[in-house]
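Here are my notes on the structure, as promised. Have it open while you read, and go through the points in any order you like.

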Amino acid sequence: MTTRSLGVSLVALAALPCSLSALTSAQQSAFAAFATCISSSGSGSTCSISVAGTYPVSTELQVQRSNITVQGISNSPSSVVLQRAVDMPHIMSIASGLVGVTVQYLTFDGNRQNVAGGSLNCLPVSQTLYWDLDMPGVGRAVVQYDDFINSPGTAISVYTTVPEVLPDGTEHGSVVQYCNFGAGFGSESAQQTGARTTAIIVYGTATQVIGNLIAYAGTAAINLYSDTNQLVYENILDANRYEQPDGVSGGQLYISAGVTNATIAENSINGDYWMTTGTSTSANGCSLTPGLFPLGVEGFGSGHAFLNNWITQNLYGGMLLREVSGITISGNDSLCPTCTAQYIENNGGCYDGLPSNEKCMQGWPSYIRPAGININNENGSGFATNIAFDMVRVRSNGHWGLNLTGVTGGPGFEGTQCIYNNLTNNLNVSNSSSVYGSYTEASPSSCQ
Amino acid sequence: MKRLLWAWLLVLPTCPLFAQQVSTSDTNASRLQQNLRHWPITLGSPYHDQKLAATTEAMVVTMFGLNADEAVSFHSAIQNTRSLMTAAQQSTTASTNAPQSSTSSGSATSGSSQLDTGLATNIIGFLAAVRPETLTRLQALSGRGGTLK
């Protein structure tokens with residue numbers, strides 16, 4: 001045995017599951033070959049596990065080569081399951097600096113209920129430093145057609161360091177697309193397979209999150225954490241903020257203050273009328289803080305465009321934006337001009353019309369009340385400026401359709417809007433520039 | 001007939017005969033086909049929570065702007081995919097449980113190949129059943145996903 005082949009074998013051996021005996025010889029061989037292939041000593045452009053099975057992973061799988069595809073069985077992500085077997089931060093990581101890595105057709109099972117004697121199941125948010133798939137500084141990677149279940153913390157952390165610049169000058173960063181998060185697995189319900197905290201946490205210029213189904217994440221489904229020009233497109237978010245281990249109401253989509261120029265378009269963000277009042281434990285047996293209600297979007301930062309998103313059934317409200325500037329909210333979408341008109345509708349149900357009965361105040365200042373869209377700088381310590389509304393469609397929300405408090409600058413309302421049938425007022429404005437004081441309602445035929 | 005032509009145009013990029021002449025629009029069409037599989041696989045998977053699948057199917061129908069007939073076609077594609085995945089699952093289970101030999105992995109590969117082929121047929125059938133405006137919309141939505149150079 002040469003030194004090189006010995007090295008390869010040691011890499012493969014280190015990655016082998018501790019409960020090796022549970023696997024057939026074919027599975028053992030497939031897994032060992034896979035672990036070798038993705039290592040720096042591997043070869044070939046595709047590293048596959050082509051034998052179905054649940055593979056316990058006791059040593060982090062590290063992708064150490066650029067320009068490779070890492071995959072399970074084509075079109076069958078549930079067939080090859082990489083399951084955390086011990087208490088470790090990541091099931092798989094893609095080493096910093098790599099480019100051209102694709103990860104597809106795999107299920108990442110964080111195994112929060114079983115690993116380490118179940119001690120990872122209901123971690124407090126301060127201890128949820130687990131990313132089942134970690135991409136700490138990837139030049140560019142594509143994660144697609146994968147399933148993520150049972151994460152004790154965050155399912156995937158994606159970070160683009162060097163986006164690809166296309167001939168037209170646009171930048172494309174790493175992509176997480178057409179994956180499922182918390183969609184259930186066999187006898188495990190969707191609720192049981194949701195991540196304890198965030199499903200996808202996003203860093204890096206031009207990183208994209210497209211076409212995913214994300215359900216029952218404990219906190220946000222998607223957290224845009226830092227950087228610029230990120231795209232969140234065509235995702236379906238359902239009943240996230242399920243366990244809310246952070247103890248406050250928040251958004252299914254969260255945009256941090258350090259993020260600029262994000263585009264949020266054509267997403268369906270459904271709260272499924274979820275609230276923690278009246279329910280003491282989650283499907284995983286974790287304690288829930290009573291009185292917490294999800295928002296569709298909770299955002300900070302500047303330069304964002306929210307285009308034709310369907311935001312519905314979020315009991316706290318559709319959108320809450322604070323400390324924001326240069327924001328566009330539109331029912332039109334240049335990325336998809338022919339897309340079906342979507343509404344921000346039926347949110348804010350925690351408000352039943354009587355302030356004394358508001359059920360959704362926990363964790364928030366009392367002036368932040370439910371609305372379809374709430375842009376709020378009432379406490380005056382932050383800012384909310386330069387907001388453009390262009391054919392926004394907001395109807396049938398609890399309390400207000402739009403609430404604008406302390407909003408300065410322009411342009412305000414452009415063209416016509418579809419804002420109707422909201423519980424208290426369609427538009428509530430205070431301490432704001434005059435351009436936000438009124439709008440022109442489109443004809444009923446335009447507001448279908 | 002026009003719809004069928006559209007659908008076949010979407011298929012062309014997958015045919016080796018045309019592989020040397022792939023244009024940007026062909027690439028986008030191929031990407032649409034590939035990405036569109038996500039929804040029938042997700043919603044038809046026997047592994048996934050059926051209640052969530054039902055909720056999500058309704059959301060996808062709304063997002064895609066499908067009319068009643070198109071929604072029926074979409075649902076059929078999901079049901080067909082479920083059958084394909086169940087058959088592939090049985091094939092895979094049989095091969096995994098069988099005494100290991102070269103033919104075992106061959107069986108799993110065969111099941112996967114049948115799934116791939118059946119899915120492609122499913123998607124082509126669905127795309128042939130939608131209105132031109134829906135096809136344009138689907139292209140703008142699911143044809144957008146990122147790829148590596």
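1. Ground rules. This is a predicted model, in which local features need pLDDT of at least 70 and side-chain atom pairs count only at pLDDT 80 or more, while totals for chains, interfaces and linings use all residues. Residues are numbered from 1 along each chain as its sequence is written, chains are lettered from A and ligands numbered from 1 in the order in which they are written, and side-chain values use heavy atoms, with hydrogens and water left out.

2. Aromatic pairs. Searching the whole structure over all chains turns up 16 aromatic pairs. Rings of Phe, Tyr and Trp (its six-membered ring) pair if their centres lie within 6.5 Å; planes under 30 degrees apart are stacked, over 60 edge-to-face, and the rest tilted. Take Phe108(A) and Phe148(A): the ring centres are 5.0 Å apart and the planes at 10 degrees, so this pair is stacked. Phe108(A) sits in strand β8 (residues 107–109) of chain A and Phe148(A) in strand β11 (residues 147–149), so the pair ties together parts 40 residues apart in sequence. Strands here are DSSP runs of E, at least two residues, numbered from the N terminus.

3. Phe148(A) again. Phe108(A) is buried at a relative accessible area of 0%, and Phe148(A) is buried at 3%. Buried means under 20% relative accessible area, with exposed over 50% and partly exposed in between (1.4 Å probe, protein chains only). Phe148(A) also stacks with Phe181(A), at 4.8 Å centre to centre and 5 degrees between the planes. That pair links strand β11 to strand β16 (residues 180–181) of chain A, 33 residues apart. Both Phe148(A) and Phe181(A) are buried.

4. Other rings. Tyr105(A), Tyr145(A) and Tyr178(A) are joined into a cluster by ring pairs. Elsewhere on the list, Arg395(A) lies over the face of Tyr343(A), 3.7 Å from the ring centre. For that label, NZ of Lys or CZ of Arg must be within 6 Å of the ring centre and within 35 degrees of the ring normal.

5. Strand β12. Thr160(A) belongs to strand β12 (residues 154–160) of chain A and is buried at 2% relative accessibility. Its side chain reaches the backbone nitrogen of Ser174(A) at 2.7 Å. Beyond neighbours within four places in sequence, Thr160(A) is in contact (heavy atoms within 4.5 Å) with residues including Val138(A), Ser174(A) and Tyr203(A). Ser157(A) is also in strand β12, and is buried at 5%. Not counting residues up to four places away, Ser157(A) touches Trp131(A), Met135(A) and Tyr203(A), among others.

6. Glu298(A). This residue is in strand β28 (residues 295–302) of chain A and counts as buried at 8% relative accessibility.

7. The interface. How many residues of chain A are in contact with chain B? It is 58, against 39 residues of chain B. About 3,900 Å² is buried between the two chains, with carbon and sulfur atoms giving 59%; this is the accessible area (1.4 Å probe) that two parts lose on being put together, summed over both. Across the interface, 16 residue pairs are in polar contact (both at pLDDT 80 or more).

Conventions:
Helices (H or I, at least four residues) and strands (E, at least two) are DSSP runs, numbered from the N terminus. A polar contact is a pair of N or O atoms within 3.5 Å; within protein, one must be able to donate a hydrogen and the other to accept it, and residues adjacent in sequence count only if both atoms are side-chain atoms.
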